[in-house]
Amino acid sequence: MTTATRRTFTEAVGTPHPRVEGRDKVTGAARYAGDIPFAGLAHGWLVLSTVARGRISSLETAPVLAMPGVLAVLHHGNAPRVETGYTGMLSVPDPTAAVFQHDRVPHLGWPVALVVATTPEQAREAAEALVVHYDVEPHDIAFSGDRPDAYPVDGHMPGVTEKGDLAAQLAASAVTLDEEYTTPEMHHSMMEPHAATARWDGGRLELIDSNQGTHWVQSELAQMFSLDPGSVRVRSEHVGGGFGSKGVRAHQVAAVMAATVLQRPVRVVMTRRQMFSLTGYRSPTAQRVRLGADADGRLRALEHRSLNLTSTFHEYVEPSAGVARVMYDADAHRTANEVVRLDVPTPTWMRAPGEAPGSFALECALDELAEKCGIDPIELRARNEPERGPVSGLPFAGRNLLACFREGARRFGWADRDPRPGLRRDGRWLLGTGTAAASFPSGALPSTAAVTAEADGTFTVRVNAADIGTGARTALTLVAADALETAPDRVRVRLGDSDLGPASIAGGSMGTRSWSWAVTAAAAELRERLALNTGIPPEGITVRSDTTEALGALAQKERHSFGAQFAEVAVDVTTGEVRVRRMLGIFAAGRIVNPLTARSQLVGGMIWGISMALHEEAVRDRASGGHYGADLAGYHVATHADVGRVEADWVEDHDPEDPVGIKGVGEIGVVGAAAAVANAVWHATGVRHRALPIRPDRVLAAAAGGRHV
Amino acid sequence: MAPALPPTSSTVTLNINGEKHTLTVDHRTTLLDALRERLDLTGTKKGCDQGQCGACTVLLDGRRAVSCLQLAVAAEGREITTIEGVAEGDRLHPVQQAFLDLDGYQCGYCTPGQICSAVAVLEEHAAGWPSAVTGDVRPEAGPPPLTAEEIRERMSGNLCRCGAYVSIVEAVARAAADGEKHTEAAA
């Protein structure tokens, strides 16, 4: 309730606040992309290739067009042409989204047609009835760490960095390690499938979508369809998870094509199985780590090489070796991110790209080194704390890693730990504990915002943020309330609409920091205007901001969140079962805007780590080139019964160069979590598992004799 | 005489949240699609459409069911409760209130299914139904203590990819405790 009397101002940032859209979410009132009805809506169903490589020789469209309700069959022979020769907001576009432009099939599950019908049942049956003939070519999907055709790639960071003489430093080391660590293909598997409805409305293309940035999707669609950006509007109010996968994908482009051809609204929703080949994924990695240290554990040599696969037509690098460029220094230091091109879909960003698999390899290797040196794993990390960026030489804008370890060790009970493996038993269970360090870059992207003082004393914030479950809508409400020195219930936040203007995507743990910066800037100026006491006209007073210049003026520094992960596991070596009994993560992740939702994000990230360590693995069949069990029964993500006590907390860590002090909490929770679990499994059993996931058969094989799996 | 329907459709009356809805459906239409596409009851979500994720969980005659594996024509005569029918008017169900207060969600997409599931879990437990982790399953043993382990086991048909499990379990436990308080007060 708003009143005319001035309230005593109390800071909203830092105080737990339930989600402002929470009531809509618990009553089913929140509408997601596939939930919004349109008169005359037609339904599109994608048809995907059943071969892994070749050409489409023909499509038998006539019988399908004769089926009840079928309105159109779009394919490479009749679909509108789109532009792909541009550089988008984040990179050159992945041609997977530019559907139906040619007859080539570069992987199994490539979109070959869209069947549009009056009802979803009709569209589905017709799509399944469409016969497509292919000229099949042999395919190659065999991924391994020793592919001779691997090559280094610069992504958002250089492909290779090196300093010092690695061979000499390894030779001079008292203790050395040389191991390969592998992580499997993993899928985002957000609960809401990709869905988009396209329609033309008064000469404007409107898209109701589920994405991680409407400005991003709007600008890419405008370029693809050669439209003025102002004539494209993309809205995405509630988003059922993204994790890196919800950018420009085949469904939006196909929906726009169909809406254009049919001149009526068309919705395209991907099926769960289609998502496994059309929405990106985390590439499998093969990582080689070589370490050399003095007897006291100080590193002399560090090499981290990571190989991932990409498609034959688009380069995506999973920069897993990048984490070593931040975490540890050595006289000889070499890191490399390499790719190999195979007949598979293009991988993409997935929560903590690079850091998630990279920290598994590096933090397990550090644990192995601690064992070899006979040093406590936390002490080993403390002895290798760098003063400046190991590769960049730049100062750190805060590096509170050891504070996280100290607080975590105290709360987890680390001091009482006997370092020897395989000693603790609870009935049929062997027990062990493990730890690992975490880091994730803290960045911000240019954003705009508009803040309006309304005549009724309330405020409206317009910022094109995306709330994909992060709690951004609530966080921005709190940030705005503080900046305006008002109560959160007097602030309304509007987001998820490209008409609101350019803003950061929800990605890279940058969203809330980027948008908050813009909101703070506009709110500060608005307060100055209001201080003039000239009264508020009926249309309100609006101030706009753009953070491009402020971000450009930031000094070059190593800017990261840090964390310490702890896990206790129970392993039954006669069944192969691994249970994570408890996890604790302590993070230095900047100022925490909303402790309630930030804790949820951090805990959620740690649960991703449990899931990555024990369950997730998409397996490809070499004969067909496609997945076995491309669904949620075949691809296991952690469920309730897999998750025990998981706690996240933080240490004081204010970024003085950010107007609010934010660093970002979206991804740091997953980093190091799988390593902590794997290190705990070693502590329980005495066996190092260097291949994820730590499946029951791997535990059983280890118990049967092979000690390193 | 009513106009003849195509042989692939039927007219059914569905009893949803205490209201009767008569509609003609394609026989292939799932209960989930009938709710979402025909009746604008979009609170029930489609996560996988093959019975693996639990996002489309509704209550059929008080028991939970994944509505993607039910044909609409087969749901006639059943009492169907969706997320839109869980609250009593403006008053949230204790499970809904606990999800809201304890942040038992993030993106919110699995939430309607989690909540419908949790409402039924509390009733199944109160009725003395054992789960796979219940120690003493003799009927005379009565309902086992509703521990976190019991809740996790009973809720495991509902996936949450954001990983809100910890606070969901807390929310279900709190709603159960609130329910007990009500029962005690009534007695």
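**View 1. An open sheet of three strands in chain A of this predicted model****.** The strand order is 4-2-6, and the pairing is antiparallel. At the edges stand strand 4 (104-105) and strand 6 (131-136) of chain A, each of which pairs on one side only. Strand 2 (residues 54-60) of chain A joins strand 4 of chain A over two bridges, in the antiparallel sense. Look for Gly54(A), which stands opposite Val105(A) in strand 4 of chain A.

**View 2. The domains of chain A****.** Chain A is divided into four named parts. Domain 1 covers 38-138 + 191-241 + 246-278, and domain 2 covers 141-188 + 282-394. Domain 3 covers 396-442 + 559-709, and domain 4 covers 444-552. The centres of domain 1 of chain A and domain 2 of chain A, taken over C-alpha atoms, are 38 Å apart. Each of these two domains puts 10 residues into their contact. On the side of domain 1 of chain A that touches domain 2 of chain A, four residues are nonpolar, four are polar and two are charged.

**View 3. Helix 9 against helix 16 in chain A****.** Helix 9 (residues 355-373) of chain A packs on helix 16 of chain A at an angle of about 35°. Their axes are 8 Å apart. The crossing is right-handed. Helix 9 of chain A brings Ser359(A), Phe360(A), Glu363(A), Cys364(A) and Asp367(A) to the contact. Helix 16 of chain A answers with Ala674(A), Ala675(A), Ala678(A) and Asn679(A). By class, the residues of this contact are five nonpolar, two polar and two charged.

**View 4. Two backbone details in chain A****.** Leu692(A) and Pro693(A) are joined by a cis peptide bond, with omega about -5°. Pro693(A) sits in the loop between helix 16 (673-685) and helix 17 (696-703) of chain A. The second detail is at Ser226(A), which has a positive phi of about 50° although it is not a glycine. Ser226(A) belongs to the loop between helix 5 (214-224) and strand 12 (232-235) of chain A.

**View 5. Where chain A meets chain B****.** Chain A contributes 44 residues to the contact, and chain B contributes 47 residues. On the chain A side, helix 1 (22-27), helix 3 (120-129) and helix 15 (595-614) each give two or more residues. Helix 15 of chain A gives the most, with seven residues. The side of chain A that touches chain B has 21 nonpolar, 15 polar and eight charged residues.

**View 6. The two domains of chain B****.** The domain assignment gives domain 1 (9-85) and domain 2 (94-186) of chain B. Their centres, taken over C-alpha atoms, are separated by 23 Å. The contact takes 15 residues from domain 1 of chain B and 12 residues from domain 2 of chain B. On the domain 1 side, strand 3 (57-60) and strand 4 (63-66) of chain B each supply at least two residues. Strand 3 of chain B gives the most to that side, with three residues. The domain 1 side divides into six nonpolar, six polar and three charged residues.

**View 7. An open sheet of five strands in chain B****.** The order is 2-1-5-3-4, with mixed pairing. Strand 2 (19-26) and strand 4 of chain B each have a single partner strand, so one side of each is left without a neighbour in the sheet. Neighbouring strands of this sheet are turned by 40° against each other on average, direction ignored. Strand 3 of chain B pairs with strand 4 of chain B over four bridges, in the antiparallel sense. Leu60(B) stands opposite Arg63(B) in strand 4 of chain B. Helix 3 of chain B lies across strand 3 and strand 4 of chain B. This helix runs at about 35° to strand 3 of chain B.

**View 8. Helix 2 and helix 3 of chain B****.** The axes of helix 2 (residues 94-102) and helix 3 (residues 111-126) of chain B come within 9 Å and cross at roughly 135°. The two helices of chain B are therefore oblique to each other. Their crossing is right-handed. From helix 2 of chain B come Val95(B), Gln96(B) and Phe99(B). They meet Thr111(B), Ile115(B), Ala118(B) and Val119(B) in helix 3 of chain B. This contact has five nonpolar, two polar and no charged residues.

Notes: Residues numbered from 1 in each chain as written. Chains lettered and ligands numbered in written order. Predicted model: local features only at pLDDT ≥ 70, side-chain atom pairs only at ≥ 80, totals over all residues. Axes fitted to C-alpha atoms, helices over the stretch in contact; angles between N-to-C directions. Parallel < 35°, antiparallel > 145°, perpendicular 65-115°, else oblique. Left-handed = near helix turned anticlockwise from the far one by under 90°. Contact = placed C-beta atoms within 7 Å. Nonpolar A, V, L, I, M, F, W, Y, C, P; charged D, E, K, R; others polar. Domains from an automatic or database assignment. Pairing = 2+ DSSP bridges.
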